[in-house]
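Here are my notes on this structure, written as numbered points. Please keep the sequence and the 3D view open while reading them.

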Amino acid sequence: MPKEKKKKKKPKKPKIQWKTALQVLEERKNLERLKTGTALDELIGGGIQQTEVVEFYGPYGSGKSQLCMTMTVIVAGQGGEVVYIDTEDTFNPERVKEIAEKRGYDPNEIFKHIHLAEPLTTDELAESIDQIPKNLNPTLIIVDSITSLYREEFIGRNVLSERQGLLRQFIVKLKKYVREKKCYGIVTNQVYDVPDATPFTPLYIRQQAVGGHSLYHLIDNRIFLRKAVHGTRIGRLVDSSRYPEAERPFKITDRGIEPIEEDSEE
């Protein structure tokens with residue numbers, strides 16, 4: 001007798017949860033913010049909001065990694081857990097130690113709260129989110145930087161669509177994790193020079209973040225960092241669904257990123 005064919009199980013349909021706009025508003029009121037302690041907080045409503053991912057991008061030396069290490073110390077110093085995904089070998093434990101000491105923390109205690117991954121490929125980068133320990137409830141997750149591995153592996157226009165698709169998948173996975181854990185998300189990014197820009201074009205327009213629209217439309221707030229005079233840095237909110245474009249200064253010291261104090265009038 002012929003064997004009966006096994007019926008294929010139908011995939012379970014996802015269950016959609018409906019909420020009123022009022023419920024969403026009330027939920028957002030309970031979300032906390034992570035403050036940088038600088039005027040950058042003013043750009044995004046008082047600090048990085050839980051469940052959101054903020055992108056800091058800019059040229060070399062603009063302060064991206066310094067900001068990441070400072071925020072790591074601030075969170076770890078308060079007992080929070082930090083997931084730090086370093087794709088460019090920019091995480092510097094000696095610098096973290098210096099920032100911690102200057103801010104009055106015990107570096108050894110700070111290091112206990114930092115969980116570092118150093119993926120070498122885009123596959124490892126994607127897996128780094130999936131393999132965050134289940135018993136770990138991070139306060140902050142950092143990806144420094146989000147596009148470098150994709151640029152290294154996918155070279156040329158013939159693989160551009162594949163690269164953008166995989167990058168988009170990773171960002172969606174990261175955002176889903178940040179929302180589910182109600183933590184803070186920070187990513188850094190590199191820039192490229194716009195070929196048809198002129199010397200009179202503002203720098204934040206001449207230098208665009210790598211990743212194109214796959215990145216631009218998925219990040220909650222995007223801040224462009226640049227150097228200014230006398231060691232000052234400028235952060236400009238370039239894209240946000242909630243806040244207007246604006247820019248604010250900050251500086252980098254042995255304590256990490258810090259506010260620029262206005263000189264008191266005598």
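1. The second largest pocket holds about 300 Å³ of space; the model is a predicted one. Its lining is made up of 13 residues. Those nearest the centre of this pocket are Arg 157, Leu 160, Arg 163, Gln 164 and Val 210.

2. Helix α8, residues 160-181, gives the most to the lining of the second largest pocket, namely three residues. Sorted by class, this lining has six nonpolar, four polar and three charged residues.

3. The largest pocket has a space of about 370 Å³. Its lining counts 18 residues, and Tyr 60, Gly 61, Lys 64, Ser 65 and Thr 90 lie nearest its centre. Here the largest share of the lining, four residues, comes from helix α3, which covers residues 64-77. The classes in the lining of the largest pocket are nine polar, five charged and four nonpolar residues.

4. Now to the charged pairs. Side chains of opposite charge can pair when their charged atoms come close. How many salt bridges does a search of the whole structure find? The search finds 16.

5. Arg 28 forms a salt bridge with Glu 52, with the closest N and O atoms 3.3 Å apart. Arg 28 belongs to helix α1 (residues 21-29), while Glu 52 sits in the loop between β2 (48-49) and β3 (53-57), so the pair ties together parts that are 24 residues apart in sequence.

6. Glu 247 and Arg 236 form another salt bridge, and their closest N and O atoms are 3.2 Å apart. This pair links distant parts of the chain: Glu 247 is in strand β12 (residues 246-253) and Arg 236 in strand β11 (residues 232-240), 11 residues apart. Glu 247 is partly exposed, with a relative accessible area of 34%, whereas Arg 236 is buried, with 17%.

7. In the salt bridge between Glu 258 and Arg 255, the closest N and O atoms are 2.6 Å apart. Glu 258 counts as buried at 16% relative accessibility, and Arg 255 is partly exposed at 29% relative accessible area.

8. Salt bridges can also share partners. In this way Arg 226, Arg 236, Glu 245 and Glu 247 are joined into one network. Two of its members, Glu 247 and Arg 236, form the salt bridge of point 6.

Technical notes
Residues numbered from 1 in each chain as written. Predicted model: local features only at pLDDT ≥ 70, side-chain atom pairs only at ≥ 80, totals over all residues. Heavy atoms only, no water. 1 Å grid on protein atoms, 1.4 Å probe; cavity = no way out; pocket = protein on both sides within 12 Å on 5 of 7 lines; lining within 4 Å. Points joined across faces, edges and corners; volume = space filled by probe spheres on them. Helix = DSSP H or I, 4+ residues; strand = E, 2+ residues; numbered from the N terminus. Nonpolar A, V, L, I, M, F, W, Y, C, P; charged D, E, K, R; others polar. Salt bridge = Lys/Arg side-chain N within 4 Å of Asp/Glu carboxyl O. Buried < 20%, exposed > 50% of the residue type's maximum accessible area, 1.4 Å probe, protein only.
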